[in-house]
Amino acid sequence: MSEAGVRKTRDKAAREKAPAVVRPPWQKFAVAVRNSTIDGHGAFAAEPIPARLKIGEIRGESISVQEARIRATRSERIMIVELSARKAIDFSKSTDPMRFTNHSCRPNARLVIRHGRVEFYARRGIAPGEEITVDYGDTHHDGKLACRCGAPGCRGAL
Ligand SMILES: [Zn+2]
């Protein structure tokens, strides 16, 4: 992701209650939301996912970049993707299970931003029980947030 950055911050309070997750039609493979050793909740494969196939997507609310920057300062845990200099999508209110996807420096999935949606594709076959991860790319943390992905060759920060 060069022009867009996923903005996600940690919120310890959010770990307390398990989120209610529905499976929308654009969720192609079953995914379970559980506690993650990486951060808060994570999205885990609940069935085998073959390489290269679309896992699911997150749909959100279209807002201006100006509004996105205001929201980013107000909320503890947000997920906003800037699509262009003017348009952004706020995924914070989405109930799509993929919104819990954590970052890994050696991810098993990739993130594609298309038509104002964030889509997830398997980089390799993913086994049931494996946590689904993507590389967030540049974040608003500007490398100041420690990465806990635990992957060999971890960059150490987001
Ligand atoms: Zn890492």
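What share of the contacts in the protein chain with a separation of 6 or more comes from residues 24 or more positions apart? Such residues account for 68% of those contacts, where two residues are in contact if their C-beta atoms, placed from the backbone, lie within 7 Å.

This is a predicted model, in which local features need pLDDT of at least 70, side-chain atom pairs count only at pLDDT 80 or more, and totals for chains, interfaces and linings use all residues. Residues are numbered from 1 along each chain as its sequence is written.

**Overall make-up**

Helices (H or I, at least four residues) and strands (E, at least two) are DSSP runs, numbered from the N terminus. Read from the N terminus, the order of the elements is β-β-β-β-β-α-β-β-β-β-β-β. Of the 158 residues in the protein chain, 32% are buried. A residue is buried if 20 or more other C-beta atoms lie within 10 Å of its own, exposed if 12 or fewer, and partly exposed in between, with C-beta atoms placed from the backbone.

**Strands E2 and E3**

Strand E2 (residues 31-35) pairs with E3 in the antiparallel sense over five bridges; two strands pair if DSSP finds at least two bridges between them. The hairpin of E2 and E3 has five residues between the strands, and Gly40 there takes a positive phi near 55 degrees.

Phe44 belongs to strand E3 (residues 41-45), and the residue opposite Phe44 is Ala32. Phe44 counts as buried because it has 21 C-beta neighbours inside 10 Å. Beyond its neighbours within four places in sequence, Phe44 is in contact with Val31, Ala32, Arg34, Gly129, Glu130, Glu131 and Ile132.

**Two other positions**

Leu111 is part of strand E9 (residues 109-114). Leu111 has 22 other C-beta atoms within 10 Å and is therefore buried. Ser75 sits in the loop between helix H1 (65-74) and strand E6 (80-82). With 15 C-beta neighbours inside 10 Å, Ser75 is partly exposed.

Each of these residues is listed below with a partner and the separation of their C-alpha atoms.

| Residue pair | Separation along the chain | C-alpha to C-alpha distance |
|---|---|---|
| Phe44 and Val31 | 13 residues | 5.4 Å |
| Leu111 and Tyr136 | 25 residues | 8.0 Å |
| Ser75 and Ser92 | 17 residues | 9.4 Å |
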